[in-house]
Amino acid sequence: MKKILVTGGLGFIGCNLVNYLISKNYFIINIDKSSYSSNKKYFINSKNKNYIFFKIDIKNKLKLYKIVKKYKPVGIFNLAAETHVDRSIDDSKNFINSNILGVHNILEVLRKIKREKKINIRFVQVSTDEVYGDIPFQKSADEKYNYNPSSPYSASKASADQIIKAYKRTYNLDTVIANSCNNYGPCQFPEKFIPKIIYNLINNKPIEIYGKGQNIREWIYVKDNCEALIKVFLKGRIGQFYNIGSNQNLSNLQVSKM
């Protein structure tokens, strides 16, 4: 049975990806620091014989190295990240530490493992479409579109993507990057837009919309995104960037009305 290491596997996309991978008969090593947005109580595979969990921050390079060395996974999906834009605007430090320095630790571990054990583990960085910044409604970003992040969060993800690109070229690591659009679905933390709307409606509270609600976002159901991530892992070309979208572009006002 092939082993996959997932970092941030208690997060929203992470727990959906872990459940999906287990259903595809992978053995999963889940690493998560278990922060405020973790989904421990929703996690359906916690007692599965093909699953093991370690409460570790990816900033702990030594522990991360020991786990990778012991289990020798065929691949690593990195979903360990701070993701909330508003929180990054209030205080960007955690975003820099997790999204940049944490990714650097993973890359250093992979470089060391490759040098010592002659093992080249495929690394899938789960990034975001927000690295492209604001895009005119009539246009869309392909994989050659220039990065133009507009928040500390998106800047930290863009920085990690570029470091990964450099490590692939310098050390010939097996890396691919997936830039996913906005996800929605089970286990999403309620500070995010769609679950927050649902929570407010259930509790007879008003829906808060920034400005006139005309900001356009592209939405994808989280399980569809997980399928795409697996495809990127299995068939993606080394060093390539892959945008994952749905072509479902809706304004915040449209989503809230729906």
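This is a predicted model: local features need pLDDT of at least 70, side-chain atom pairs count only at pLDDT 80 or more; totals for chains, interfaces and linings use all residues.

Let me begin with helix H7, residues 222-235. Which residues of H7 are buried? They are Val222, Asn225, Cys226, Leu229, Ile230, Val232 and Phe233. Because these residues cover an arc of only 160 degrees around the axis, they lie on the same side of H7. The face turned away from that buried side carries the exposed residues Lys231, Leu234 and Lys235.

Helix H2, residues 61-71, comes next. Its buried residues are Leu64, Tyr65, Ile67, Val68 and Tyr71. Their arc around the axis is only 165 degrees, which means that they share the same side of H2. As a general point, an α-helix has 3.6 residues a turn, so residues three or four places apart point the same way. The buried residues of H2 pack against strands S1, S2, S3 and S4 and against helix H4. On the other side of H2, Leu62, Lys66 and Lys70 are exposed. Just after the helix, lysine 72 adopts a positive phi of about 50 degrees.

Finally, strand S6, residues 175-180. Both of its faces are covered: Thr175, Ile177 and Asn179 are buried on one side, and Val176, Ala178 and Ser180 on the other. S6 pairs with strand S5 in the parallel sense over six bridges, with glutamine 125 opposite isoleucine 177. Four bridges join S6 to strand S9, again running parallel, and here serine 180 stands opposite isoleucine 244.

Technical notes. Residues are numbered from 1 along each chain as its sequence is written. Side-chain values use heavy atoms; hydrogens and water are left out. Buried means under 20% relative accessible area, exposed over 50%, partly exposed in between (1.4 Å probe, protein chains only). Helices (H or I, at least four residues) and strands (E, at least two) are DSSP runs, numbered from the N terminus. The arc is that of the directions from the helix axis to the C-beta atoms. Contact means heavy atoms within 4.5 Å. Two strands pair if DSSP finds at least two bridges between them.
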